[in-house]
Amino acid sequence: MIHISCPAWSASALRVSSVISTPFFAESPYASVQTFVADWRDHFGGEPGVFGALGFDAANLVLLQLAGSDGERNDVREGLLRVQGYPGVSGVTSMQADGNA
């Protein structure tokens with residue numbers, strides 16, 4: 001049996017027969033994650049956490065929309081609502097029509 005849990009549970013008896021997801025895994029083998037982690041360490045020191053990764057992805061999504069539009073608020077909003085399969089460091093993001101990811 002494979003046990004999947006967040007790093008904080010790695011030494012815990014609570015992880016036995018549990019599957020726990022985490023929105024960010026700094027030890028991911030993906031090149032984009034490894035680059036993000038290395039850049040974070042160089043700039044801030046220490047390890048990036050989930051909020052750093054989610055913030056990085058959110059900022060990049062907005063910047064992509066700004067770069068592909070005239071910068072009008074509604075254009076950015078509509079562009080964000082069309083996001084499907086964005087490969088961020090926290091995982092793949094797709095937007096639903098109601099604005100939830």
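Student: Is Arg 41 buried, partly exposed or exposed?
Tutor: Arg 41 is partly exposed, because its relative accessible area is 40%, which falls between the 20% and 50% cut-offs. Keep in mind that this is a predicted model.

Student: What does Arg 41 form a salt bridge with?
Tutor: Its partner is Glu 47, and the closest N and O atoms are 2.7 Å apart. Glu 47 also counts as partly exposed, because its relative accessibility is 49%.

Student: How many salt bridges does a search of the whole structure find?
Tutor: The search finds 2. Besides the Arg 41 and Glu 47 pair, the side chains of Arg 77 and Glu 78 meet at 2.9 Å, N to O. Arg 77 is partly exposed at 47% relative accessibility, and Glu 78 is partly exposed at 37%.

Student: New topic. Which residues form the nonpolar patch on the surface?
Tutor: Val 62, Leu 63 and Leu 66, with about 240 Å² of accessible area together. Leu 66 is found in helix α2, residues 50-67, and is partly exposed at 38% relative accessibility.

Student: And the largest pocket, how much space lies in it?
Tutor: About 230 Å³. Its lining has 14 residues, and those closest to the centre are Ser 28, Tyr 30, Val 89, Ser 90 and Gly 91.

Student: Which elements each supply at least two residues of that lining?
Tutor: α1, β1 (86-88) and β2 do.

Student: What is the mean pLDDT of the chain?
Tutor: The mean is 85, and 79% of the residues reach 70 or more. Where pLDDT is low, the predicted coordinates should not be read in detail.

How values were computed: Residues are numbered from 1 along each chain as its sequence is written. This is a predicted model: local features need pLDDT of at least 70, side-chain atom pairs count only at pLDDT 80 or more; totals for chains, interfaces and linings use all residues. Side-chain values use heavy atoms; hydrogens and water are left out. pLDDT is the predictor's confidence in each residue, from 0 to 100. Patches are made of residues with over 30% relative accessible area and no salt bridge: like charges are joined within 9 Å, nonpolar side chains (Val, Leu, Ile, Met, Phe, Trp, Tyr) within 5 Å. Accessible areas come from the Shrake-Rupley method with a 1.4 Å probe; for residues, only the protein chains shown count as cover. A salt bridge is a side-chain nitrogen of Lys or Arg within 4 Å of a carboxyl oxygen of Asp or Glu. Helices (H or I, at least four residues) and strands (E, at least two) are DSSP runs, numbered from the N terminus. Buried means under 20% relative accessible area, exposed over 50%, partly exposed in between (1.4 Å probe, protein chains only). On a 1 Å grid over the protein atoms alone, a cavity is a set of points where a 1.4 Å probe fits but cannot get out, and a pocket is an open set with protein on both sides within 12 Å along at least five of seven lines; lining residues have an atom within 4 Å of a point. Grid points are joined across faces, edges and corners, and a volume is the space filled by probe spheres set on the points.
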